[in-house]
Amino acid sequence: FPVTILASGININEFGRKGQQAIIDAYKQLGSRFAKEAKNVTSAANIADVNFPLTRGQATGDIAQLAEEEAMRNAARGSLSQKILARFDEKQKIEVLKDLENKQKAFAVGQITTAPEEVGGKLYELIRNKQLEMKGQYKAAYESVDPTALRVLTEAVDPLESRVSSVLKDRVVDPKLTPASRNAIAEIKSIIPKTGKANVTDLSLKSIETTRKKLNELYKAGANDTDKGNVSAIIKEFDNWLDDSISEGLIRGDIDQLSKLKEARSLFSKYKETFPTKDVSKLADADAAKVIRTIVEKDLQPSEVMNLLYGKSAIGESQSAVRTVQRLKKMFGSESNEFKQFQESAFVRLTRDSQGNMLPASKIVKTIDELFMGKGSALTRELFDATQINTIRKMRSDLNKLVIPIEAQNPSRSGYEGARAVISVLNKLGFTGAAGNLAVS
């Protein structure tokens, strides 16, 4: 014991002879008393609305009591007390994990998923399958249209060249630097002369679609980012022109086929908006669009998917995550089972490490504080519903009881802990103000 106190920063030789002996004798005899106290503090049972056991200090929040329990954990009150606290902590850990999994049910569809790798893999498949589904829908819609049954009036075609020129006026177009751009402009112009012939009053929709396919090929053949950006702008304006022609009644022919064409165009527009594949730099949520595009176009590990969606650090740190969630809500619907899986993934990211182990209570509490009061608050409002937010608040309240305040902690080899040990021993002896009674000699 003298060595223990000395190691903690207190020289027992500074006490009077009787005081020294009293402390040493008492400490030798008090192992069972500390053990009894350890049993008492760990049988504090449960608080009514907390679903795991708490020590007396955790239940009351009393700093002195928490400090005493910390001393027991660190063997400063004998090995028996330490073992009793260790057994309690292990039991508590199991019950805390059970409670965490029960709370996760508010975020899950069916059985909960706790492994981040599995969660990330599910999200990856959800997004890629949605892309394939929407792509299949618009392609099937187009295939149902008979392009020979529809014709575009010449008055619709006439403005096309000027519309394309307008979108290129502030862009660099050079025969050598941007060859694909030059060829795309030539493709557009190749349509126009046909309408100038006296006997030409319209063009078949099939020829328009052929031009559109050629523009796609030119985009893929772009020599550089500037070249591809130009062709992308031309394609976008070409699509806008075709949509305007449909809405303004400048495409004639079989009514049923025209209705099918409108539906196909609508599905294609929705697909392009959801999964932009070309230049996204001018979009208000360009960062989120890039996230979705990366997931669709690249082979990614589940951990990479989670990092893209929520950032590499704690959830809520990445501001692009807010805009990504907004895109996901539009993609799947905020009330869908698919979106609920993204909500569950966020809960897993909040509570578990990369191996699926529960994070320390202090870390979870800190992250929740950021989600509600820090820069993660926007993500919280966008991602979670009212029930889920209340669940997270309750989890924060419960787990905070497990966080040891700094003033109750016992730093290794600190004089503060040594003083606590002396006072605890003296109190067991029944002394009050014992430090004053044991005068330094």
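**Group meeting talk: a walk through a helical chain**

Hi everyone, let's start with contacts, meaning heavy atoms within 4.5 Å. Among the contacts in this chain with a separation of 6 or more, 74% are between residues 24 or more positions apart. Before going on, a word on the source: this is a predicted model, where local features need pLDDT of at least 70 and side-chain atom pairs count only at pLDDT 80 or more, while totals for chains, interfaces and linings use all residues. Residues are numbered from 1 along each chain as its sequence is written, and side-chain values use heavy atoms, with hydrogens and water left out.

Now the overview. The secondary structure comes to 22 helices and three strands. Those are DSSP runs numbered from the N terminus, with helices being H or I of at least four residues and strands being E of at least two. The chain has 441 residues, and 45% of them count as buried. Buried means under 20% relative accessible area, exposed means over 50%, and partly exposed is in between, using a 1.4 Å probe and protein chains only.

Let's look at the strands. In general, strands of a sheet pair through backbone hydrogen bonds, either parallel or antiparallel. Here, two strands pair if DSSP finds at least two bridges between them. What is the order of the strands in the open sheet? The order is β2-β1-β3, with antiparallel pairing. The edge strands are β2 and β3, each pairing on one side only. From one strand to the next, the twist averages 35°.

Strand β1, residues 150-153, is joined to β2, residues 202-204, by three bridges. Within that pair, Arg 151 stands opposite Ser 204, and Val 152 has Leu 203 as its bridge partner. On the β3 side, β1 pairs with residues 251-253, again over three bridges, and Leu 150 stands opposite Gly 253. Helix α11, residues 205-220, lies across β1 and β2 and runs at about 65° to β2. For angles like that one, axes are lines fitted to C-alpha atoms, for helices over the stretch in contact, and angles run from 0 to 180 degrees between N-to-C directions.

Is Leu 261 buried or exposed? Leu 261 counts as buried because its relative accessibility is 1%. Leaving out residues up to four places away in sequence, Leu 261 touches Tyr 142, Val 145, Leu 150, Leu 205, Ile 246 and Ile 251.

Next, the nonpolar cores. A nonpolar core is a set of buried Ala, Val, Leu, Ile, Met, Phe, Trp, Tyr and Cys residues joined through side-chain atoms within 4.5 Å. The largest one has 53 residues, and Ile 127, Leu 309, Leu 328 and Phe 342 touch the most other members. Helix α7, residues 116-143, gives the most to this core, with seven residues. A second, separate core has 31 residues, including Leu 160, Leu 168, Ile 191 and Phe 238.

Here is a pair of helices to find on your screen. The axes of α17, residues 337-351, and α20, residues 386-400, come within 13 Å and cross at roughly 10°. That makes the two helices roughly parallel, because angles under 35 degrees count as roughly parallel, over 145 as roughly antiparallel, 65 to 115 as roughly perpendicular and the rest as oblique. On the α17 side, the contact is made by Lys 340, Gln 343, Phe 347, Leu 350 and Thr 351, and on the α20 side by Gln 388, Ile 392 and Met 395.

Arg 163 is in helix α9, residues 160-168, and is partly exposed, with a relative accessible area of 23%. Beyond its neighbours within four places in sequence, Arg 163 is in contact with Glu 237, Asn 240, Trp 241 and Asp 244. Asp 285 is in the loop between α13 and α14, and it counts as buried because its relative accessibility is 18%. Not counting residues up to four places away, Asp 285 touches Arg 323 and Arg 327.
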